[in-house]
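Biologist: I am new to this one. Could you put it up and take my questions?

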Amino acid sequence: MVRFLDCQNCTKRYLSISNITTTCPKCISAAISPKLATAPTPELLKKLSKLKNPLSSPQSTVTAQCTTLDDELILTQKLSQNKISQPCNSKKPIPIPIPIDREKLSEDPLCFICGRDFGAEIGRKISHLKSCSRKYGVQLADHITYHDSDDSGCDSDTSSDSGSDLNLDSADSSSDFEKENEITKAAVVATSKAQRQPPLENFFTVPAKNINAVLLQGAKTLAKKKVPPPNSNSNKRKRKNQFNREITRMPAFKIIQSTNIIVDGFQVPNYNSSTYFLSHFHSDHFTGITSDWKQGTIFCSHTTATLVHQQLGVEKRYLCPVKLNTPTLLTAPEDTKNQHVIFTLLDANHCPGAVMIFFQIGPTRILHVGDFRFSRSIMLDNEHNHQLSMIASDNNSAKLDVLYLDTTYCDPKFDLPPQSDAIAAALGVVKLEIENAKASSTLKPLFLFGAYTIGKENLYMAVAERLNLKVYVDKQKRRTMEAFTPDWSEARQKTLTSRKKEADILIVPISNLNFNTLPDLLRRQNNCIGGLTKQFSHIVAFRPTGWMLTGEKGGMAGKFLPDSEKGKSIVRLCSNGTNVKVFGIPYSEHSSFGELVDCLIALKPRNIVPTVNCSKSAEQVHTLMTAVRRLEVGRNSF
């Protein structure tokens with residue numbers, strides 16, 4: 001591009017026809033070699049002679065080719081005298097090794113290669129220099145000089161010489177002119193012979209001079225690489241997403257033996273099956289079901305079907321609710337492999353809508369329990385559940401071939417009390433708090449129960465019914481509970497309220513039962529009721545989980561209450577010493593280790609397939625069968 005520029009050395013205005021430098025021809029010739037201005041090559045003269053009057057055709061193109069640096073300089077001088085408006089059409093620009101001060105490089109808004117003025121956008125100069133050097137084949141390291149001998153890798157004397165400014169205004173004096181040229185040539189030779197500077201991509205990583213620059217450079221590097229800071233928690237797996245992962249292969253324990261029927265397995269996309277069963281509406285079982293589910297029919301209970309449609313947005317045509325204790329013929333020859341399959345949904349005693357699935361595949365009998373809390377009175381002595389009653393009968397020859405077993409508490413240390421005992425323990429704590437509040441004019445407890453999306457209802461509803469307390473549920477919780485509350489008695493439904501001012505019991509996520517959030521919850525509840533009634537003085541919260549016995553997972557680290565008249569207390573207390581008490585109650589909706597052993601003794605399955613911690617399946621089966629044999633030996637000894 002042809003333009004008038006001010007020389008960066010002598011400040012004189014000149015006509016530039018090259019994008020290589022912003023230095024006038026006179027300064028270039030003085031800095032590089034005094035012979036260049038007076039010694040044109042024959043080849044260049046011949047090319048210049050071919051040029052006609054360039055002034056007569058301003059749009060004409062100069063076709064002369066510059067092959068050497070001498071040709072470039074002489075052609076520049078020749079054309080600048082004639083005021084040619086067209087640049088030299090060289091095939092490849094030739095870099096001119098002008099020494100440039102590195103410390104001024106970042107301050108100068110001009111690109112020393114093409115002369116572009118960045119002005120206020122000097123921050124973009126770094127990326128531009130990289131692209132510009134690649135475009136014109138310029139090695140930036142050949143043109144940079146350093147004042148610091150440590151940065152340049154040269155001796156301090158040489159660096160100071162090469163970094164000194166050329167006094168080009170005194171070029172008329174022959175002695176000074178020659179002296180300056182000798183210094184410049186010595187600097188160029190020393191730079192070329194000395195250790196070469198690092199390439200362009202490493203040039204801008206030279207150690208900074210101050211701590212602010214170091215920290216800023218480190219932040220920029222991390223931002224480019226998108227690497228989290230050392231103390232970042234982004235690499236930790238979040239618990240709420242621990243089931244939200246897609247798998248590529250269907251686990252064997254989710255496929256019913258000798259069929260292509262899937263139970264609680266929805267994470268494998270485009271799996272070769274159209275028959276699915278969902279045991280209950282808990283996230284670790286329905287993960288993979290989304291609003292655009294079209295992979296097959298999902299068989300489940302009426303309560304679960306309502307929740308899947310309501311909460312997940314699945315179209316009703318892909319849901320098939322089935323009544324409990326009703327044998328149903330499955331017509332899916334591709335999934336049943338042309339076998340006669342009849343299934344029955346049975347109560348799992350887990351959460352609302354939870355079921356076990358009993359399959360009769362020809363002569364083979366298979367039971368998938370999903371998640372369950374084994375109880376002989378509910379599952380064997382029930383007149384409606386005749387399938388399991390017949391299997392458990394000693395006089396019946398039909399035995400259970402395969403049992404898909406919920407092994408959540410498959411460890412002897414999980415000796416959980418019956419659910420009725422856990423409910424009685426919670427009732428005792430609530431009664432004691434109410435009695436203390438009546439005896440004092442300042443005490444008024446606010447009761448909290450931890451729960452999941454669904455589950456634990458039997459615990460807090462039993463406490464509310466027996467003590468005539470009101471349970472507050474918000475709109476979202478109430479909408480969820482509407483899927484199963486129609487089956488409740490009228491008295492139980494009256495204990496629910498949507499007005500916080502009337503509530504004695506609040507239902508909160510079990511993960512919110514900690515000393516960081518509960519004091520703030522107490523303040524908000526008191527602000528809600530205002531001065532109309534007596535303010536709550538403290539919180540009494542219950543964390544119902546079987547893990548509290550060991551302090552693992554959702555457990556707690558408090559101390560057990562003193563022994564009661566009936567024996568050792570099963571309630572563990574943890575308090576902040578002021579206005580919050582958290583009681584751990586061993587109330588669980590999974591079978592304890594003793595109940596798992598009792599289940600195996602009653603059903604006597606030929607094969608056991610654990611569905612929890614499947615990497616330890618062999619160990620779990622061995623532990624269970626060892627406990628079964630010991631118990632049977634003990635019974636036979638009497």
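**Salt bridges, then strands**

Modeller: Start with the side chains of Arg317 and Glu315, which meet in a salt bridge, N to O 2.7 Å. A salt bridge here is a side-chain nitrogen of Lys or Arg within 4 Å of a carboxyl oxygen of Asp or Glu. This is a predicted model: local features need pLDDT of at least 70, side-chain atom pairs count only at pLDDT 80 or more, and totals for chains, interfaces and linings use all residues. Residues are numbered from 1 along each chain as its sequence is written, and side-chain values use heavy atoms, with hydrogens and water left out.

Biologist: Is Arg317 buried or exposed?

Modeller: Buried means under 20% relative accessible area, exposed over 50%, and partly exposed in between (1.4 Å probe, protein chains only). Arg317 has a relative accessible area of 59%. Therefore Arg317 is exposed.

Biologist: Which parts does the salt bridge of Arg373 and Glu595 tie together?

Modeller: The closest N and O atoms of Arg373 and Glu595 are 2.5 Å apart. The two residues are 222 residues apart in sequence. Helices (H or I, at least four residues) and strands (E, at least two) are DSSP runs, numbered from the N terminus. Glu595 lies in helix 21 and Arg373 in a loop, so the pair ties helix 21 to the loop between strand 12 and helix 14.

Biologist: Is Arg373 buried or exposed?

Modeller: Its relative accessibility is 2%.

Biologist: About how many helical turns separate Asp520 and Arg524?

Modeller: Their side chains meet in a salt bridge, 2.4 Å from N to O. Asp520, Arg523 and Arg524 are linked in a network of salt bridges. Asp520 and Arg524 are 4 residues apart in helix 20, so the separation is about one helical turn.

Biologist: How many residues of strand 18 are buried?

Modeller: Strand 18 covers residues 538-544 and is mostly covered. His538, Val540, Phe542 and Pro544 point one way, Ile539, Ala541 and Arg543 the other way, and all are buried.

Biologist: Which residue stands opposite Ala541 in strand 21?

Modeller: Two strands pair if DSSP finds at least two bridges between them. Strand 18 and strand 21 pair in the parallel sense over 6 bridges. Opposite Ala541 stands Val582.

Biologist: Which strands are the edge strands of the open sheet of 6 strands?

Modeller: The order is 9-10-11-12-13-22, with mixed pairing. Each edge strand pairs on one side only. They are strand 9 and strand 22.
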